[in-house]
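Hi,

Here is the structure I promised to pass on. Have a look at it first, and my notes follow below.

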Amino acid sequence: MAATSSWRSYEATRHSIEAVLLAVEQIAERLRVNIAEASPEGAHVTASIGIAFSPQDGDSPESLLEAADSAMYDAKEDKDRIRFTPRA
């Protein structure tokens, strides 16, 4: 019985995490598209977005910014992309 309860808890947590990741990705994508659409006529403006999560990517504002910055530079390699911090 305990194993079934643990599995349900794990599945609920996994589902919640996946929902949050999807929502964050959708928000970032809308932001990226809106930036491109709002660029002045004749200009080509893009957004490369890096995303980090607390506490797994850092436990301080500085460490979270560092992780997001790293993910952003990964996104810049392909230009105009969204990247999450790498998972270990």
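**What I found**

Ser39 has a relative accessible area of 18%, so it counts as buried (buried means under 20% relative accessible area, exposed over 50% and partly exposed in between, with a 1.4 Å probe and protein chains only). You'll find Ser39 in the loop between helix 1 and strand 1; helices (H or I, at least four residues) and strands (E, at least two) are DSSP runs, numbered from the N terminus. The Ser39 side chain reaches the backbone oxygen of Ala36 at 2.8 Å.

Before I go on, some housekeeping. This is a predicted model, where local features need pLDDT of at least 70, side-chain atom pairs count only at pLDDT 80 or more, and totals for chains, interfaces and linings use all residues. Residues are numbered from 1 along each chain as its sequence is written, and side-chain values use heavy atoms, with hydrogens and water left out.

On confidence, the protein chain averages a pLDDT of 84, and 90% of the residues score at least 70 (pLDDT is the predictor's confidence in each residue, from 0 to 100). Helix 2 (residues 61-78) has the highest mean, 92, while helix 1 has the lowest, 81.

Back to the serines. Ser48 also sits in a loop, the one between helix 1 (2-37) and strand 1 (49-51), and its relative accessibility is 17%, so Ser48 is buried. A polar atom of the Ser48 side chain lies 3.2 Å from the backbone nitrogen of Asp80. Leaving out residues up to four places away in sequence, Ser48 touches Met72, Ala75, Lys76, Lys79, Asp80 and Arg81 (contact means heavy atoms within 4.5 Å).

Now the nonpolar side. The largest nonpolar core has 6 residues: Ala28, Ala47, Ile49, Ile51, Phe53 and Ile82.

How many aromatic pairs turn up in the whole structure? The search finds 1. The ring centres of Phe53 and Phe84 are 5.8 Å apart with planes at 10 degrees, so this pair is stacked (centres within 6.5 Å make a pair; planes under 30 degrees apart count as stacked, over 60 as edge-to-face and the rest as tilted). The pair links distant parts of the chain, 31 residues apart: Phe53 is in the loop between strand 1 and helix 2, and Phe84 is in strand 2 (residues 82-84). Phe53 is buried at 14%, whereas Phe84, at 24%, is partly exposed.

Cheers

Definitions and conventions: A nonpolar core is a set of buried Ala, Val, Leu, Ile, Met, Phe, Trp, Tyr and Cys residues joined through side-chain atoms within 4.5 Å. A polar contact is a pair of N or O atoms within 3.5 Å; within protein, one must be able to donate a hydrogen and the other to accept it, and residues adjacent in sequence count only if both atoms are side-chain atoms. Rings of Phe, Tyr and Trp (its six-membered ring) pair if their centres lie within 6.5 Å; planes under 30 degrees apart count as stacked, over 60 as edge-to-face and the rest as tilted.
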